[in-house]
Amino acid sequence: MPGDEPTRLPPGLDLLWGRRGRGKRGPRAGLSADAIVEAAVRLADAEGLEAVSMARVAHELGFTTMSLYRHVANKEELLQLMWNASALGAEKLVLEGDGWRARLRMWATIQREMMDRHPWVAQMPIAAPPVAPNSLAFVERGLETLDGTGLADVDKLRILGLLSSYTLSEARMAYDAARAARAAAADGGSDGTAPLWTFDALLRELVDEKTYPRLHRIAWESASGGEPSEREEFLFGLDRILDGVQALIDSRLRDACYGWRAR
């Protein structure tokens, strides 16, 4: 109702959506919520999410830890602000391509590229769908790609959720595999003789043709033809999801057509 106070948002979201002040001026100029988030993102990009703490961020900025609490309530709130910062520029995103499929494919690959730039995003706790301003702007761009498909809005949201879940899962596995490879290389000693195991390499080492004939065939076919890159594997899965979206669009169109004929 006009004149009512705005609904009180959860901590973190109230700051992102301008429902809470940005904090009092600190004892020295230069400290702000934006500066804190930028420092935390730089730290996470360089060393991973586990390196981010209020004390470490304060040290990076040259302030006391208590100074940060004038602007950011706690680490959980800082993580929300970092998530929003990872999608900076979403409101200006222009998706190009001929038809919904090309544009939605671009939307998903942009999301994956963002996660590759900020791999710590894959480590973030996700208790609920992100509803920060930049996140919602990105979702809006995704919904826009499905205009004119005839799908219900609820189906469009489900599709974006499926794509985001797939992208996040693939990014997390790629990040974990890269960390494991770095750890294996470090454990290999100065001569680097420790093998860097891939899934196919492990199959060739472990499976015999009699017990696992199909896995054996796959393992040795990949050895002769070269293993696909992680990006190729990601795009293969993405394209299969988009095949399913096309099938859903076709199904909805058939239902609408038969319904019209029945009348």
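User: What should I know before reading the model?

Analyst: It is predicted: local features need pLDDT of at least 70, side-chain atom pairs count only at pLDDT 80 or more, and totals for chains, interfaces and linings use all residues. Residues are numbered from 1 along each chain as its sequence is written, and side-chain values use heavy atoms, leaving out hydrogens and water.

User: How many residues are in the largest nonpolar core?

Analyst: A nonpolar core is a set of buried Ala, Val, Leu, Ile, Met, Phe, Trp, Tyr and Cys residues joined through side-chain atoms within 4.5 Å. Buried means under 20% relative accessible area, with a 1.4 Å probe and protein chains only. Here the largest such core has 35 residues. I36 and W120 are among those with the most contacts inside it.

User: Which helix gives the most to this core?

Analyst: Helices are DSSP runs of H or I, at least four residues, numbered from the N terminus. Helix 2 leads, with eight residues. A second, separate core of 21 residues includes L104, F138, L151 and L235.

User: How do I check a helix's length?

Analyst: The expected span is 1.5 Å times one less than the number of residues. Helix 8 has 35 residues, so it should span 51 Å; its end C-alpha atoms are 51 Å apart, which agrees. Its buried residues include L163 and Y166.

User: Is G237 buried or exposed?

Analyst: G237 has 15% relative accessibility, so it counts as buried. G237 belongs to helix 11 (residues 230-262). From G237 to L163 is 74 residues in sequence, but 9.8 Å in space, C-alpha to C-alpha.

Notes: Buried < 20%, exposed > 50% of the residue type's maximum accessible area, 1.4 Å probe, protein only. Helix = DSSP H or I, 4+ residues; strand = E, 2+ residues; numbered from the N terminus.
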